[in-house]
Amino acid sequence: MSEVSQTPLLDRIRLPGDLRQLTPDKLPQLADELRHETINAVAKTGGHLGAGLGVIELTVALHYIFDTPVDRLIWDVGHQAYPHKILTGRRDRIRTLRQGGGLSGFTKRAESEYDPFGAAHSSTSISAALGMAVARDLQGRDNNVIAVIGDGAVSAGMAYEAMNNAGARNERLIVILNDNDMSIAPPVGAMSAYLARLASGRTYLKLRDVGKQLTRHLPKRLDRAITRAVEHARNYVTGGTLFEELGFYYVGPIDGHNLDHLLPVLKNVRDAQIGPVLVHVVTQKGKGYAPAETSADKYHGVVKFDVATGAQVKSKSGAPQYTKVFGESLIKEARKDDKIVAVTAAMPSGTGVDLFQKEFPNRCFDVGIAEQHAVTFCGGLATEGYKPFAAIYSTFLQRAYDQVVHDIAIQKLPVRFALDRAGLVGADGPTHAGSFDVAYLGCLPNFVVMAAADEAELVHMVATAAAIDDRPSALRYPRGEGLGVPMPAEGVPLEIGKGRILRQGHKVALLSFGARLGECLKAADELAAHGLSTTVADARFAKPLDTDLVLRLAREHEVLVTIEEGAIGGFGSYVLQTLADHGALDSGVKIRTMTLPDLFIDQDTPAAMYAKAGLDAHGIVAKAFEALGKDVTAETVKLA
C-alpha cells in the first residue's frame, strides 16, 4: 500500500466541501475509514449501528455529488445518520452521541445546518422534502432536495400520501429508496447498474421528452396508450411500475455499496431537469462489520459493545425488563384464552411481542409501520369477539389518535393498548418519550387508563386488561429494567378504578401514578427523617380514578402531592377535577401536582432526565417542603 493511501482521508474532512475536493478514486478508502469510525464511536455510546453501516457508501456519494447544505438532504427516521454526522462537522463530538449534553441520536435542526429536518419517527422525509421543493420553487431557487427513505418506512401510509402528492404536482424532487431488506428489488449487478445509468442519462431523457412532444399532437387516447406502452416496456426491464404509477421517474435498482455505480447515477439524476425521481438503491444492513452482518437484527440497536468480538455489555442488576415481563405475561394469559391476539406495528422485539409470536405465530400480527391501520385492525378483531392487545410505544400511538377516538372509543370496542416506553426513555430523547398518553387517552369517554408501578404490577395489569371486555383500556409501563420486586406466578385482575396504600402516615400524602412509586417510597423515608409522617399511595388507575382514595388522602393530610411521569393535563389534573367537584379544595389541604415540565427534555440517562424534571426522590421531598412553606436545604442542614 502506498504512503498516500495510508494517510487517513477522514482526518482531512471537516465538512462535505472538503470531501468534494477528493478525486473519485479516493472515495472507497474514505468509505472504509468512515465505516471504522462509525463502529468505534457506537461501541462507546451504543445506538443504532446496522442502519448506518448500510449507507456508508451512499452517504459519501450523496455528499460528494450534491452541494449540501444548499442542496437539502433529509434522512428518514435518522437511525442511519451517524456517518452523515461524522462528515458534517460533528466528528469531534460523535462519541457524545445519545449522551447528556451530546449529539442527538437522530437528525436535529438545532444541531447543524446539514440537518434540514428533524426525524425520529418514520416515513416523514418525502412529505418534508416536497414542502422544501415547493418552497424552493416559490422563491425561484434551483437547489436540489433529496429524501433518503428505507424500504420499511416507504411502506407506511404517509410515504404513499406524499408520493401521490409529489407525482401529481411534478416538482423536481429526488427520493432515494434505501432497500436493505431485499423486500422489493430483484438481484442487482452490472446489467442493472448499466440500465440505471442509461435510464437516468441525458440521451434517454431527451429522447423521452422528444417522444412526449411528438405524441402530444396525437389524439389523447392514442397519446396515453403509446406513453403507457413505452413506460411498461422500460419497467419490464428496470422495475418500478408502482412508483411510475404514482408519478415518479424510477431509476434502479443499483448496488448501494458500489461507488462506481452510485456516482454516475446520482450525477445524472442531479443534472436531469425532470419532475420527481425515485432512485432504488439496494444495501446491506450492518455492511462491513461481521457481528452485525450475521446478527438476526443486523445490530439495529445496540448498547456499548466490544469492537473485536461484537459482544454487548450486559446489565448487572438482574432485574427483568418491563418489555419482557409484558411479553411473558401476555403469553400466560393467552394460554388460558384462545381469543387473545397480539398486534404490533413493526416493533415485535421492541414491545416483547416477539416472545408471544414464537408460541402463538397464528395469533400474532405485525402490520408494519402502520399504527393507524394497526388500531383499526384491532377494532375489527374486537368486533368479532377476539381480544386484541395493541403493543405500541406510547410516542408512536400518537400517530393513530384519530383511529383511537373514532374507531375504538366511540364504538366502545375492547381493544387493549399496551403502551411501552411510557415516561422518559433516556438516550432516544424527546422524540421517543411517552409523555402525553395519559392526557390524550384520559380525556376520552369509555377508556380505562392504568399504569404499572413496578414489574409485578405489570403482570397483574396484563391480566386486568385481558379481563376488561366491555370498553377499551390502556396499560402503560416504562422502558428498561424493573425494580427487582418479587414476581407473582401469574396475574390476578385488579379491581377497576381502585388504588392501594403502601405506607400510612398523617402529615404528607404522596399519590403516585406509574413507575415513580419507588422514588416516592425513598422520598417518604427522607421526609420521615425530617419528622414528617408520610403516606404513600399507588393510584394504579388514572381513569376511572379512585375517588374515595383521593378524598380520604385530602381529608387526612396537610399536604397532598400527586406524582406522574406524564405531561401537564394528565393524572394530576384528574385529581384536581375530582377534588373540585367534591368541594375538597376548600378544606385547607395543600395540593401540589408533579408532572413532566412543559418542555422537551434532551437525551441523557433516565435518572438524570428525571432529576432534571424534578421527579426523583429529592424533587418530591422539595415539593412537599415547599407546600409546607419550609426550606428543604435549611431543614437538611438542621437535621445533619
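This is a short tour of a predicted model, stop by stop.

**Whole chain**

Start with everything shown. The protein has 28 helices and 17 strands. Colour by burial next: of the 640 residues, 56% are buried. Then turn to contacts between residues at least 6 apart in sequence. Of these, 76% join residues at least 24 apart.

**Helices H7 and H8**

Select residues 125-138 for H7 and 157-169 for H8. Two packed helices are described by the angle between their axes and the distance between the axes. Here the axes come within 8 Å and cross at roughly 25 degrees. Angles under 35 degrees count as roughly parallel, so H7 and H8 are roughly parallel to each other.

Now show the side chains where they meet. H7 brings Ile126, Ser127, Leu130 and Val134 to the contact. H8 brings Met158, Ala159, Ala162, Met163, Asn165, Ala166 and Arg169. By class, that is eight nonpolar residues, two polar and one charged.

**From Arg169 to Glu171**

Stay on arginine 169. Its side chain meets that of glutamate 171 in a salt bridge, 2.8 Å from N to O. Arginine 169 has 45%, so arginine 169 counts as partly exposed.

**Histidine 48**

Move to the loop between helix H3 (27-45) and helix H4 (50-54), and pick histidine 48. Histidine 48 has 10% relative accessibility and so counts as buried. What does its side chain make a polar contact with? Select histidine 79: the two side chains make that contact at 3.4 Å.

Leaving aside residues up to four places away in sequence, histidine 48 touches His79, Tyr82, Arg98, Phe106, His300, Gly301 and Asp428.

Go to arginine 270 and aspartate 271. They form a salt bridge, with the closest N and O atoms 2.8 Å apart. Arginine 270 is partly exposed, at a relative accessible area of 23%. Aspartate 271 counts as partly exposed at 22%.

Next, select aspartate 469 and arginine 416. Their salt bridge has its closest N and O atoms 3.1 Å apart. This pair links distant parts of the chain, 53 residues apart. Aspartate 469 sits in the loop between helix H22 (455-467) and strand S11 (473-476). Arginine 416 is in strand S9 (residues 416-420). Aspartate 469 is partly exposed, with a relative accessible area of 45%. Arginine 416, at 0% relative accessibility, counts as buried.

One more selection on this theme: Asp11, Glu37, Arg91 and Arg95. Salt bridges that share partners join these residues into one network.

**Helix H24**

Finish at residues 547-556, helix H24. Show Leu549, Val550, Leu551, Leu553 and Ala554, which are buried.

Notes. Residues numbered from 1 in each chain as written. Predicted model: local features only at pLDDT ≥ 70, side-chain atom pairs only at ≥ 80, totals over all residues. Heavy atoms only, no water. Axes fitted to C-alpha atoms, helices over the stretch in contact; angles between N-to-C directions. Helix = DSSP H or I, 4+ residues; strand = E, 2+ residues; numbered from the N terminus. Parallel < 35°, antiparallel > 145°, perpendicular 65-115°, else oblique. Contact = heavy atoms within 4.5 Å. Nonpolar A, V, L, I, M, F, W, Y, C, P; charged D, E, K, R; others polar. Buried < 20%, exposed > 50% of the residue type's maximum accessible area, 1.4 Å probe, protein only. Polar contact = N/O pair within 3.5 Å; in protein donor to acceptor, adjacent residues only side chain to side chain. Salt bridge = Lys/Arg side-chain N within 4 Å of Asp/Glu carboxyl O.
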